[in-house]
Structures are given as structure tokens and as C-alpha cells.
Amino acid sequence: MAHLQRHCLVTVGATVGFKQLTEQVLQPEFWDFLSAEGFTSLRIQCGPDIGWASARLASLQDRVPKGLEVAVFETTKNLMMDEMILCKAWSGSRRMGVVVSHAGTGTILDAWKVGLPVVVVPNETLLDNHQAEMAKHLAKEGYAITSTASYLDLQGAIHKADLLWEDNKSRWPPHTIKPQKASGALRLWEMHPQEVEKEEDAQMTND
Amino acid sequence: MDYTLFVLGSGGHTKEMLMMMDDGTCAFANTHRRYLISSGDSMSEHHLADYESRLQALCATRGTSPGTHDKRTVTRARRVHQPLWSTPLTALLSIIDIFPALLTPPDNEVGRALRYPGRVFSNGPATAFFVALAVHLLKMGYVIPESCCKVIYIESWARISTLSLTGKLLLYTGIADVFVTQHQEVATRYGVQNAGEIVFNSRRLDDLEPSPAKC
């Protein structure tokens with residue numbers, strides 16, 4: 001059997017960047033870890049940090065392990081279809097990869113939609129701590145693993161994300177039409193003023 | 001027959017709205033969807049085109065009708081980082097565009113029969129509030145009947161513990177007919193209904209036929 005590709009995508013959002021995270025995933029030690037885990041590609045979307053990130057990558061080119069490709073890019077028009085799709089297993093050519101992301105909701109929703117293991121790294125330096133709150137929620141619901149922006153933590157988190165993925169697969173068979181039917185959320189198309197009121201009444205009698 | 005208006009707020013909000021819509025529902029015979037998009041929001045345009053083409057594909061495999069749709073562009077009520085003081089000005093421009101979008105029926109059978117949308121779905125940001133306000137004003141002036149244009153506001157999935165500014169405005173003015181959040185914590189804090197994580201009703205890539213995954 002041919003050697004399977006395995007992709008790791010790191011994404012920090014388009015506008016503000018996330019220097020600490022970009023720095024850590026540009027550590028040769030992190031690359032060695034990925035290589036040992038069978039990853040063949042690390043792609044880092046680093047937004048405004050692209051300048052120094054590409055310079056650092058160029059200066060460390062001889063430290064990139066054999067069999068691993070490391071690339072940095074600023075942003076892409078459609079992160080989901082252009083990049084995330086590469087992290088998805090594809091019979092005969094790719095193993096399931098992983099997405100490492102700041103806790104931006106757009107990225108999280110995209111990764112969920114594609115069906116990928118996710119490691120979220122909240123950007124603690126942002127003023128409002130919405131990202132930390134989101135990260136906590138994702139971890140609690142079992143949608144993602146959280147990590148700090150340190151490559152050692154990231155390595156542990158990538159291991160855990162693999163395990164969580166296997167676990168979720170057995171809980172939510174990936175090929176059902178309604179993977180989250182059990183979540184019990186209302187359906188948009190069925191929301192009418194009267195029916196929502198009825199729903200409320202029903203809930204009240206349940207309480 | 002059914003005619004529904006969707007306010008597509010901005011990249012992130014639009015993504016959520018379309019995920020909530022893309023729940024596998026595909027029986028849309030005699031229904032019309034109208035989308036309100038803010039000027040210059042190419043991201044929403046792109047996501048919308050994506051949604052509609054996935055819906056067409058689903059309907060084709062199921063042998064159902066996707067119904068009809070059109071879109072209207074309105075001036076954006078408030079750009080990100082725009083100073084709050086200047087918001088009333090752009091909001092005024094925005095609301096001027098919103099009236100014809102609400103009042104001009106779709107140019108098809110559904111539009112001729114129904115004239116006005118039955119439901120107006122929105123999930124933020126600011127434009128959502130101004131659409132709700134426009135509906136309210138039109139009803140106050142007896143321009144449109146009370147029974148149409150029911151405003152259904154779904155707070156963004158990103159809001160776990162507090163409401164967005166738009167959410168607060170709609171809650172305190174009481175001009176939304178339905179107001180729900182997607183997390184229990186924020187629902188409890190403001191005493192509103194939690195509808196659950198509606199975004200996760202969305203189909204996933206594996207559910208799509210044919211699979212768009214490339215080698």
C-alpha cells in the first residue's frame with residue numbers, strides 16, 4: 001500500500017493573527033513530533049504574521065524532517081474547501097488529519113461540517129475572553145480538545161483529539177443524515193410563532 | 001404556499017444561518033426564499049450560492065422542488081469598528097433600502113398570492129435589528145397586516161453567556177415575535193427560550209450527494 005498523506009492545518013483567523021501559536025508550530029521539535037505521528041504536511045494560515053513567519057520557516061528549512069512538508073500562507077478565500085478538505089481521510093490516499101485553530105466560531109463550524117478532529121487554542125491576549133469561553137464550551141460538549149499555545153501542550157492535545165475522534169465516531173455514526181438529531185435543537189423550518197409558544201408550554205409542563 | 005425572508009448579516013452570521021437552514025429539508029414546492037444581503041458582503045453572496053446549489057442537488061436526488069428564491073441588497077447598517085455615533089446615519093440608509101425589500105413581492109406566483117413574507121428570520125448583526133424595526137413601523141402604520149412578517153430572531157451560536165448588542169436591542173424593544181438563543185446559559189440569564197444548538201442540524205460534508213471531496 002502506498003504511503004498515506006496526513007495533513008495538519010493550523011489556522012489563526014484572517015484579521016488579528018496569533019503570534020504565540022504561529023511561533024510554537026514553527027518549532028522544529030513540533031515538526032519532529034508531527035513526523036513521528038505520520039503527518040506528511042503542516043500548513044499554517046498565519047494572517048498578518050506572514051512576513052516574519054515565512055522568514056523563520058526559510059531560516060529553519062534544514063530542520064524540516066524528511067517526509068514532512070511545512071508551508072505558511074496568509075489566508076485563503078475558502079478555508080474549508082481549499083484547506084480543511086485536505087485533512088479529511090480519503091480512501092487510498094489520505095489518513096484523517098487534524099485542525100489546530102484559534103477558537104473562532106467560523107473555523108470551528110467549518111471543521112465540524114467537514115468532520116475533522118479539532119484542537120482549539122484560545123487567544124488569551126484578546127481583550128474580551130469570548131474565545132476562552134467558546135473553547136470551554138467545545139471541550140465540555142466533546143466537539144474539540146483545548147490546548148494552550150505551547151508546542152508541548154499541542155502535542156498532547158493532538159493525541160487526545162485522535163482519541164476523541166474515535167470515541168465520537170462510535171457515538172455519532174458519520175454517515176447518518178442527522179448526525180446531531182440527539183441534540184434536540186428546534187428545526188429552523190419548523191419555527192413558527194405559535195409553535196414555539198406551544199413548545200414553551202410543553203417545556204413548562206415538563207418542569 | 002410560503003414566502004420567507006432571511007436576513008444574511010455578515011460572513012459569520014450568514015454561515016450560521018445557512019447551516020441552520022441546511023438541515024436536509026427539501027420539500028419547497030410553492031415556496032419562495034428572499035435573502036437580504038448587505039452591500040459589499042461578497043462572503044455572504046458566496047456562502048449563499050453554495051447553499052442554494054447544495055439544495056438544488058439534494059432536491060434533484062430526492063425528486064422534490066427547491067422552490068424559488070431571490071436576493072435584495074441593502075446598505076450595511078453598521079460596519080465592524082464603525083463608531084457608534086455614526087451608526088444612526090448608515091442605519092437610516094439601510095432602513096430606506098429595507099422597506100422596498102419587504103414591500104415588493106417576488107415576481108412569481110407565490111409573490112402574487114402572498115405579497116409579504118410570512119416569516120422573517122435573522123440572527124444578527126445590526127441589520128437584523130433594523131429589519132425588525134422596519135417591520136414594526138410598517139405594522140404600526142397599517143401598511144402591512146399584523147399576521148405577516150413574523151420576526152424570528154435566533155441569537156448567534158457564538159453567544160454562550162451573554163446576548164449580542166442586536167439581541168439586547170430586540171429583547172428590550174420586544175419587537176421580535178420569536179426570540180431564542182442556542183445555549184442554555186444565555187437563555188437563563190435573560191429569561192428567554194433556548195432552542196438548542198440549531199447550527200448542528202446542518203448536513204455535513206459526508207451527507208452531501210455527490211461528495212464534493214476532491215482527491
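The legends below accompany close-up views of a predicted model.

View 1. Of the 207 residues in chain A, 38% are buried. Among the contacts of chain A with a separation of 6 or more, 70% are between residues 24 or more positions apart.

**View 2. The packing of helices α1 and α2 in chain B.** Helix α1 of chain B, which spans residues 11-21, and helix α2 of chain B, which spans residues 42-62, have axes that come within 9 Å and cross at roughly 15°. Because angles under 35 degrees count as roughly parallel, α1(B) and α2(B) are described as roughly parallel to each other, and their crossing is right-handed. On the side of α1(B) the contact is formed by B:G11, B:T14, B:K15, B:L18 and B:M21, and on the side of α2(B) by B:M43, B:S44, B:H47, B:L48 and B:Y51. Sorted by class, the residues in this contact of α1(B) with α2(B) are five nonpolar, four polar and one charged.

**View 3. The open sheet of chain B and its edge strands.** Seven strands of chain B form an open sheet with parallel pairing, in the order β3-β2-β1-β4-β5-β6-β7. The edges are taken by β3 (68-74) and β7 (193-194) of chain B, each of which has a single partner strand, so that one side of each is left without a neighbour in the sheet.

**View 4. The packing of helices α3 and α5 in chain B.** Helix α3 (residues 87-103) and helix α5 (residues 126-140), both of chain B, pack with their axes 9 Å apart and at an angle of about 60°, which makes α3(B) oblique to α5(B). The crossing of α3(B) and α5(B) is right-handed. From α3(B), the residues that make the contact are B:A91, B:S94, B:I95, B:I98, B:F99 and B:L102, while α5(B) contributes B:T127, B:F130, B:V131, B:L133, B:A134, B:V135 and B:L138. By class, the contact of α3(B) with α5(B) comprises 11 nonpolar and two polar residues, with no charged residues.

Definitions and conventions: Residues numbered from 1 in each chain as written. Chains lettered and ligands numbered in written order. Predicted model: local features only at pLDDT ≥ 70, side-chain atom pairs only at ≥ 80, totals over all residues. Buried ≥ 20, exposed ≤ 12 C-beta atoms within 10 Å, placed from the backbone. Contact = placed C-beta atoms within 7 Å. Axes fitted to C-alpha atoms, helices over the stretch in contact; angles between N-to-C directions. Helix = DSSP H or I, 4+ residues; strand = E, 2+ residues; numbered from the N terminus. Parallel < 35°, antiparallel > 145°, perpendicular 65-115°, else oblique. Left-handed = near helix turned anticlockwise from the far one by under 90°. Nonpolar A, V, L, I, M, F, W, Y, C, P; charged D, E, K, R; others polar. Pairing = 2+ DSSP bridges.
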